Amino acid sequence: MAKRMTGSSNASRIASNPRSRLLADRKRGRKRRNTFLCLVFLVAETALAIGLVAFVAIFWKFSGELPGVEKLAADVRSPVATTIWSEDGVLLGRLQTENRQPIEMDEIPSNVTDATVAIEDHRFYEHPGVDIQGIVRAVVANISGSSLRQGASTLTQQLVRNLDQFGLGKQKTFSRKIREVMIALRVEQVYTKKEILQLYLNNIYYGGGAYGIQAASKTYFGKSAYKLDLAEAALLAGLPQRPSDFSPFQHHKAAKKRRNEVLLSMLTYGKISQAEYEKAKAEEPRFMPRPERKNFDFKAPYFVTYVLKDLMRPDRYGSETVYSGLKIETTLNWKMQKLAEKMLNAGLAHAAGIGANQGALICLDNHTGYIRAMVGGRNFHADQFNAVTQGRRQPGSSFKVFDYSAAFEEGTTTLEGGYVDKPIPYPNDPEGRVVKNYEGDYSYKWVSCKSAIAHSLNTIAVQTARDVGIRKVIEYAHKMGITTPLAPYLPTALGASAVRPLDLCSAYSVFPMGGSRCLPMSLVRLSDSEGSLYEEHIPEVRTGILKDETVRQMNEALEAVVVEGTGTLARGDEATGIVDGARGKTGTTSDSRDAWFAGYTPELTTVIWVASAHRKRHGGLRYAPMPGGTGGLVCAPIWHDFMIKAVPE
């Protein structure tokens, strides 16, 4: 009874004493915290154990059985070539220049391995395939916004990423990165550091089509790798990071700057002395001449080289990327291309009697701007000059569509309006010359614009251009697709300023497109060897170029050209076949050196250019007159023979 009273007394004392109550609460809190921490520790240990088991399972799943170093050295897979495809699925050509010359590790000098390790992975001999310190350093540097961005891939990771036999691919996904890490760890267990270096130095890409240090040494310096001095070894060691940007052939200063970075890394990590560093840094590299890449095995060679030159521009992808195994999908239709080549050559052979021996053809899809066929000359092997895209020739009367389009659009005349066919003096001409029709005669009668277009009367076209203003004519020509400079003088109204056939073809497509124009396109899709998309194109349309009424009048006039005017051979007849919906305009320069036919159907616009061209002794071409060689007689039949079969049924 006394104990109970004592206990009750203690409880009463604690309850009545705030300090005692506080101590009791703290004791109970410590017990609860300890219990909670024990539970957390138990859960963490369980999760860690599960994680370790999962890591081991994933590690073995992703790494698996790796081939031996001898098998990897011998198993050099066929290089992936860049391929160029037509729109209808025909392989137009390949670009394949891979150069791989494996050598033994004993043939690789120490300055090559030291330079490679110093610049790419200076902890190569310390880490197990993945450099945790490097990853942390890279994260800190990149988060802090350091001007020098940091990478964290080891030489081992680069090896498994670039060697196809490891099956990683090049997709930039998180799962692929995890597999890369797992395989790199496994590679370090299976291979020695020396074997890893040997595989790396024999397979990494150094640019210039060279895979491996031996091929790179011969490509850039014309010697075997074992003869490389320190400066040369450092330069090559710096290339794999960005072979295109550091290419000695294209970016000499950048390659030299990168070499000096490698030398500094070697000095920093104790691979060379200060004296060796200074001597190598002062050395001026001497490179072999850049090897020429000649590819004449293409189908549609003028078109393919046109596409490749665009992609190889320094502001596009450069030659290194273009030769790296791309898939290039183009707009060309191979069936139309074969037909274009056949008909142009047949037409030139037929016109050989009047001196015609050179020509070009360009065909565009009106509704997409796709280049469906391109023949830039008679013989690509003899002359790679592409007259379609590079040639600038006077278009003669085929330019007159811009005179009339401007006049109809601005309202200075109409298709039913006209002028008197008479000699028109050129303004401010000190020689007092006058405008002449092609035949040199005049009717001295009033002629409608429709009849003048159909029969290609120069006097009416000049008066039309004079009234609307030659600068306004030039404005519309550029608006419709001409990109070359045009002289602001009246002779330009008759085609005295040079244009490109591709531009003229694009400009004529405004009429079948109802006053709009799709920009010419040669490339549909570009992707790498793994299928990753670089770029994809859809038709780009320029709208509102001409009013509906202007287009109606021009279509009516250009139909009259092929029905009753200078271009009847383009439309054809019952014997040769009639090209449905044919419209167009002939063109012949005043000296008869150039002949044209620019025409269209609702589906396609095609321009034919023919000339009498002869090679000069010291390069270039000279042009001679073609007696009787008008655009209607020479080019219109070629246009007909191509279009009668090219137009979709």
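Predicted model: local features only at pLDDT ≥ 70, side-chain atom pairs only at ≥ 80, totals over all residues.
Residues are numbered from 1 along each chain as its sequence is written, and side-chain values use heavy atoms, with hydrogens and water left out. Local features need pLDDT of at least 70 and side-chain atom pairs count only at pLDDT 80 or more, whereas totals for chains, interfaces and linings use all residues.

Strand β17 (residues 594-600) runs antiparallel to β18 and is joined to it by 7 bridges, with Tyr 600 having Thr 605 as its bridge partner in β18; two strands are taken to pair if DSSP finds at least two bridges between them. Strand β6 (residues 358-365) is likewise antiparallel to β18, through 8 bridges, and Cys 363 is partnered there by Thr 606. Because 8 of the 8 residues of β18 (residues 604-611) are buried, the strand is largely enclosed by the rest of the structure; buried denotes under 20% relative accessible area, exposed over 50% and partly exposed the range in between (1.4 Å probe, protein chains only). Leu 604, Thr 606, Ile 608 and Val 610 point one way from β18, and Thr 605, Val 607, Trp 609 and Ala 611 point the other way.

Aromatic pairs number 12, under the rule that rings of Phe, Tyr and Trp (its six-membered ring) pair if their centres lie within 6.5 Å, with planes under 30 degrees apart counted as stacked, over 60 as edge-to-face and the rest as tilted. The rings of Phe 124 and Tyr 125 are edge-to-face, with centres 5.0 Å apart and planes at 75°; Phe 124 is buried at 0% relative accessibility, whereas Tyr 125 is exposed at 51%. Tyr 508 and Phe 511 also form an edge-to-face pair, at 6.0 Å and 90°, and both residues are buried. Ring pairs link Tyr 508, Phe 511 and Tyr 600 into a cluster. The charged end of Lys 193 sits over the ring of Phe 124, 4.4 Å from its centre, the criterion being NZ of Lys or CZ of Arg within 6 Å of the ring centre and within 35 degrees of the ring normal.

The lining of the second largest pocket divides into 8 nonpolar, 17 polar and 5 charged residues, and β16 (583-588) gives the most to this lining, with 3 residues.

Conventions: Helix = DSSP H or I, 4+ residues; strand = E, 2+ residues; numbered from the N terminus. Nonpolar A, V, L, I, M, F, W, Y, C, P; charged D, E, K, R; others polar.
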